Amino acid sequence: MIKQLAGKVPEDTIVSVGAGMHLLYPMAYMPCRHPLTYLSTVNFGSMGFGLAAAMAAKTVYPERTVVAVLGDGDFMMTMQDLETALREGINHQDRDPQRLPLPRAELPAEAPVRRAHNRHEHNNPDFAQLARCFGAAGYRLDSPEQVDRVLDAALAEKGLTVVDVLIDPDDVPPMNAEATLRMSAG
């Protein structure tokens, strides 16, 4: 899904990520072609960073596409900002220019590492339905066959959009084991 997203967004898109294993997907599959277009706290474990960083990026560069890739827990720490964004008219064409614009697409993804350690299902809400409850656009992506259709629809939205991406809980994120071992050695 991230590979396909990378091919659909402009070259100067800003990507922000939250804390968790999900950040490995955009790191591996979504190249950043300009300085300061990948916003991450990397190993600092700052859950809740991704949405705030995306909001800040959209404030500084309102004309650019900004995408936040968030894990389920990360998104649930800041999802109340959907209400604030919509109440304040954030990211609408007719918005007050003094107000904070929000990224066009938020992509909460269920974090596979949690399920790898705990086989009990989490009781996450349907994030797409939650977005619609707030008044935002919401899409749910639960099979590979839907990727192009859902991403095209989400990226065509003019306002705040949430894409709830359900991933295989047994999927192993792409990692550079050699670099990870070198970093661990200090």
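Buried means under 20% relative accessible area, exposed means over 50%, and partly exposed lies in between, worked out with a 1.4 Å probe on protein chains only. The views below come from a predicted model, in which local features need pLDDT of at least 70 and side-chain atom pairs count only at pLDDT 80 or more, while totals for chains, interfaces and linings use all residues. Residues are numbered from 1 along each chain as its sequence is written, and side-chain values use heavy atoms, with hydrogens and water left out.

**View 1. Two cysteines, Cys-32 and Cys-133.** Let us begin with exposure. Cys-133 counts as exposed because its relative accessibility is 63%. Cys-32 has a relative accessible area of 34%, so this residue is partly exposed. How many disulfides does the structure hold? There are 0, where a disulfide would be a pair of cysteine sulfur atoms within 2.5 Å.

**View 2. An aromatic pair, Phe-75 with Phe-127.** The structure has 1 aromatic pair; rings of Phe, Tyr and Trp (its six-membered ring) pair if their centres lie within 6.5 Å, and planes under 30 degrees apart count as stacked, over 60 as edge-to-face and the rest as tilted. Why is this pair called edge-to-face? The planes of Phe-75 and Phe-127 stand at 85°, with ring centres 5.2 Å apart, so the pair is edge-to-face. It links distant parts of the chain, as Phe-75 belongs to helix H4 (residues 72–78) and Phe-127 to helix H7 (residues 127–134), 52 residues apart. Helices (H or I, at least four residues) and strands (E, at least two) are DSSP runs, numbered from the N terminus. Both phenylalanines, Phe-75 and Phe-127, are buried.

**View 3. A charge over a ring, Arg-64 and Tyr-61.** Here the charged end of Arg-64 sits over the ring of Tyr-61, at 4.5 Å from the ring centre. To count, NZ of Lys or CZ of Arg must be within 6 Å of the ring centre and within 35 degrees of the ring normal.

View 4. Rolling a probe the size of a water molecule over the atoms shows where empty space is left. On a 1 Å grid over the protein atoms alone, a cavity is a set of points where a 1.4 Å probe fits but cannot get out, and lining residues have an atom within 4 Å of a point. A search of the whole structure finds 1 cavity of 30 Å³ or more, and the largest cavity has a volume of about 90 Å³, meaning the space filled by probe spheres set on the points. Its lining residues include Ala-6, Met-30, Cys-32 and Thr-37. Ala-6 is in helix H1 (residues 2–8) and is buried, with a relative accessible area of 18%. Ala-6 and Met-30 are 24 residues apart in sequence, yet 5.2 Å apart in space, C-alpha to C-alpha.

**View 5. Leu-36 in its loop.** Most residues other than glycine have a negative phi. Leu-36 is not a glycine, but has a positive phi of about 60°. This leucine is found in the loop between helix H2 (24–29) and strand E2 (38–39). Is Leu-36 buried or exposed? At 70% relative accessibility, Leu-36 counts as exposed.

**View 6. Phe-134 and Ala-136.** Phe-134 is found in helix H7 and counts as partly exposed at 30% relative accessibility. Ala-136 lies in the loop between H7 and strand E5 (137–141), and counts as buried at 7%. Ala-136 and Glu-83 are 53 residues apart in sequence and 8.8 Å apart in space, C-alpha to C-alpha.

Technical notes
1 Å grid on protein atoms, 1.4 Å probe; cavity = no way out; pocket = protein on both sides within 12 Å on 5 of 7 lines; lining within 4 Å.
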